[in-house]
Amino acid sequence: MTDIILGVIILAIIGSSVAYIYKAKKSGVKCIGCPAGKECSGKSCSGCGCGCHADAE
């Protein structure tokens with residue numbers, strides 16, 4: 001019974017994470033972890049510190 005409860009909790013965490021990422025990407029967020037969020041346009045992203053645009057510089 002404990003294994004079932006633990007499995008449900010893990011699936012809930014993974015499911016909510018996937019739903020959050022899907023919702024963020026659908027709303028146009030370039031960098032999910034970036035504090036600039038939607039304002040981060042990719043190549044013009046400067047100073048956000050997210051590190052996802054290191055190859056663009």
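**Ground rules.** I number residues from 1 along each chain as its sequence is written, and I leave hydrogens and water out, using heavy atoms for side-chain values. The model is predicted, so to speak of local features I need pLDDT of at least 70, and side-chain atom pairs count only at pLDDT 80 or more, while totals for chains, interfaces and linings use all residues.

**Helix.** I found 1 helix and 0 strands in the protein (DSSP runs: H or I of at least four residues for helices, E of at least two for strands, numbered from the N terminus). Helix α1 covers residues 2–26. Its 25 residues reach 36 Å from first C-alpha to last, close to the 36 Å expected at 1.5 Å a residue (1.5 Å times one less than the number of residues).

**Burial.** Of the 57 residues, 18% count as buried (under 20% relative accessible area; exposed is over 50%, partly exposed in between; 1.4 Å probe, protein chains only). Where does Ile9 sit? I found Ile9 in helix α1, and it is partly exposed because its relative accessible area is 45%.
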